[in-house]
Amino acid sequence: MGKLFSVFILLTVFLNASIIDEYKNKNYNKICSYKNIMKYKKNEKILSVIGVSCVKINSLYLLPYIINYLKHTTVGRKNAIYFLVIFNEKKLLYSFLFDNFNVSDFNFPKTGHILSTVFNAVKNKKYKKTGEVYLIKKNDITIKMYKENDKMIIEKIKGKKIKRYWFR
């Protein structure tokens with residue numbers, strides 16, 4: 001029985017190490033999956049790594065599944081709040097862009113995610129609208145938000161470098 005338990009512990013450490021190794025190597029696409037969420041739903045540390053990976057690759061549709069399992073530890077609950085803020089900002093910005101939904105009454109903690117920057121600018125009406133494009137200036141960065149078919153596109157422009165995000 002003791003040998004079986006040791007093998008189980010080593011196997012668990014190895015499996016978790018592979019997630020951590022993938023994270024260290026920035027292989028977020030390999031980590032962020034529904035399969036991994038279900039596999040590690042009882043391990044809040046690994047589930048949090050999966051959640052951060054999903055945020056990094058903007059696979060935000062998986063965050064509600066993660067949020068539901070992050071409830072047993074203080075760190076897990078804090079991470080759930082972080083994921084919930086980003087997810088809600090995305091949903092509200094999408095409704096603002098496609099349905100002209102008023103987001104000014106919503107307050108969230110600020111995060112470092114692009115959605116928080118855009119959400120706070122829209123909420124506080126710190127943007128200019130040119131045609132169907134919303135322009136946000138922040139120091140030496142210009143952020144554009146616009147519709148493209150059923151997607152919300154956000155472009156972050158600094159000098160000649162453009163980082164493009166899309167959300168549904």
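**Figure 1. Contacts across the sequence in the predicted model.** Among contacts between residues at least 6 apart in sequence, 43% join residues at least 24 apart. The structure is a predicted model. The protein has seven helices and five strands. From the N terminus on, these elements follow the order α-α-α-α-α-α-α-β-β-β-β-β. Of the 168 residues, 38% count as buried.

**Figure 2. Close-up of the salt bridge between lysine 158 and aspartate 140.** The count for the protein comes to four salt bridges. In the pair shown here, the side chains of lysine 158 and aspartate 140 meet at 3.9 Å, N to O. Lysine 158 counts as partly exposed, because its relative accessibility is 47%.

**Figure 3. Close-up of the salt bridge between aspartate 150 and arginine 168.** The closest N and O atoms of aspartate 150 and arginine 168 are 3.8 Å apart in this salt bridge. The pair links distant parts of the chain, 18 residues apart: aspartate 150 sits in the loop between strand 3 and strand 4, and arginine 168 in the segment after strand 5 (161-167). Both partners can be classed by their accessibility. Aspartate 150 has a relative accessible area of 37% and is therefore partly exposed. Arginine 168, at 48% relative accessibility, likewise counts as partly exposed.

**Figure 4. Close-up of the salt-bridge network of Glu148, Glu155 and Arg164****.** Arginine 164 forms a salt bridge with glutamate 155, with the closest N and O atoms 3.5 Å apart. Salt bridges that share partners join Glu148, Glu155 and Arg164 into one network. Is glutamate 155 buried or exposed? Glutamate 155 counts as buried, because its relative accessibility is 13% and the cut-off for this class is under 20%. Arginine 164, in contrast, has a relative accessible area of 41% and is therefore partly exposed. In general, side chains of opposite charge can pair when their charged atoms come close.

Key: Residues numbered from 1 in each chain as written. Predicted model: local features only at pLDDT ≥ 70, side-chain atom pairs only at ≥ 80, totals over all residues. Heavy atoms only, no water. Helix = DSSP H or I, 4+ residues; strand = E, 2+ residues; numbered from the N terminus. Buried < 20%, exposed > 50% of the residue type's maximum accessible area, 1.4 Å probe, protein only. Contact = heavy atoms within 4.5 Å.
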